[in-house]
Amino acid sequence: FYLMIDAKKGKVTHTHHTSNIQNHPIMQYPSSSAKQGFILLMFKRVSPLLFFFFLNCTLHLLSAKEESADPETCADLSEKVHIRLGLEWFINADHLPLIVALTEGIFDDFGLNVELVEPKDHWEAEKEIIEGRLDVAVTEPLHLAIDAMNSKPVMGFSRFLHTDGGVMYKKNIGIERPRDMCGKTISYPGSPGPGGPAIVQTMVEADGGNCDISSYGKYNGGFFHTDALLSGNADVSTLIFSNFEIPEAKAKGLEADFFSLKDYGVPDFCQLVLFTTPERFQSLKISLRKLVLAMRKATGIIHRQPDLARKLFISFVGEAEKEAEKAVQDETITATLPAFPNDNSMSADYYYRLMDWLTSTGQVTVLGESDTNEHNHVDVSAYWTNEVAW
């Protein structure tokens, strides 16, 4: 039998037994039929399962406007899809799955041309996506939820890093436990906003302390947490990732330790996720699924072959020149290697808990314009999906 498919509409138009094929108009006028956009598939003694496999693959290929068929379903015969992926910071060990997937040709295998874009300065990544300069960006769950609660068009779809972190403090200044941070000076990006004191105060209260939230000093040391403590401008610094700031502090001669968010009542947002806009998610859904799978395959390499992952990272970013810097680089990679989860999904309960904390600490007062639920928050499904993260 044979199968005729309208390539413009991606629909089956006719099916006939091969005995009638010579009498079909498409066989009499092949050049004309080509202009009309028809494709003819012929089968001889194929099983129903194989028939529907070919049909599914063909319809995928015909209906995709900017992407080809899913690699899990059938072969990718189109050109590679270009994805511009914006990082949240300069490229570092946190981005190891991206680096491994690039250097090992995994993105190529999935039909993707992934371009990593470092921010020259602070940027609003969702604006970069809307204006066509990025397709996807890296952020933290904290910022994703805040953006959604302030009606920004964001859609998170894959978690790829989960490390430990929280508030770093200088030793030997009387801080032994979280409640000792009462009245101390906090360094945090966004100072003098409410974020830093909200984190520290939550940890203080979880440890049984009781102090006025206005008692904290505020210092904006940006993301240079270690330098803020070394300079004496701050006593504690947040939000730090332990796999990065702790090795750095040690290398710079700072006696420091940290209190973990997860141990003292703060939602654990020491994680990195990928996001785009809801509109871009829909148009790139097939490719974003490929992106998740490619990074997951790279994560498997990181777990099974850590020495190779270390070598690939150093080759990609360059080896530090000074011995002290080499030690920091090596310790940072070692601390980061276990931080990449196999599960890329996140639960709605996690985000509802995070939004509860954001509102109760006064960090967000404006609800988004999306439908709200019994929590009086933005519906999590408006800004997070596990549709391609499974």
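Let me start with Lys-152 and Glu-124, which form a salt bridge with their closest N and O atoms 3.7 Å apart, where a salt bridge is a side-chain nitrogen of Lys or Arg within 4 Å of a carboxyl oxygen of Asp or Glu. Lys-152 lies in the loop between helix 7 and strand 7 (155–162), and Glu-124 in the loop between strand 5 (112–117) and helix 6, so the pair ties together parts that are 28 residues apart in sequence. Helices (H or I, at least four residues) and strands (E, at least two) are DSSP runs, numbered from the N terminus. Lys-152 counts as partly exposed at 29% relative accessibility, and Glu-124 counts as partly exposed at 39%; buried means under 20% relative accessible area, exposed over 50%, and partly exposed in between, with a 1.4 Å probe and protein chains only. Both residues also belong to a network of salt bridges that links Glu-124, Glu-126, Asp-147 and Lys-152.

A word on the source: this is a predicted model, in which local features need pLDDT of at least 70 and side-chain atom pairs count only at pLDDT 80 or more, while totals for chains, interfaces and linings use all residues. Residues are numbered from 1 along each chain as its sequence is written, and side-chain values use heavy atoms, with hydrogens and water left out.

Now to Asp-135, which is buried, with a relative accessible area of 1%. Which residues does Asp-135 meet in salt bridges? One is Arg-84, with the closest N and O atoms 3.1 Å apart; Asp-135 lies in the loop between helix 6 (125–130) and strand 6 (136–139) and Arg-84 in strand 4 (residues 81–86), so this pair ties together parts that are 51 residues apart in sequence. The other is Arg-280, at 2.9 Å from N to O, and because Arg-280 lies in helix 11 (residues 278–283), that pair ties together parts 145 residues apart in sequence. Arg-84 is partly exposed, with a relative accessible area of 23%, and Arg-280 counts as partly exposed at 23% relative accessibility. A search of the whole structure finds 16 salt bridges.

Finally, the chain as a whole: there are 15 helices and 13 strands, and 48% of the 390 residues count as buried. Of the contacts with a separation of 6 or more, 76% are between residues 24 or more positions apart, contact meaning heavy atoms within 4.5 Å.
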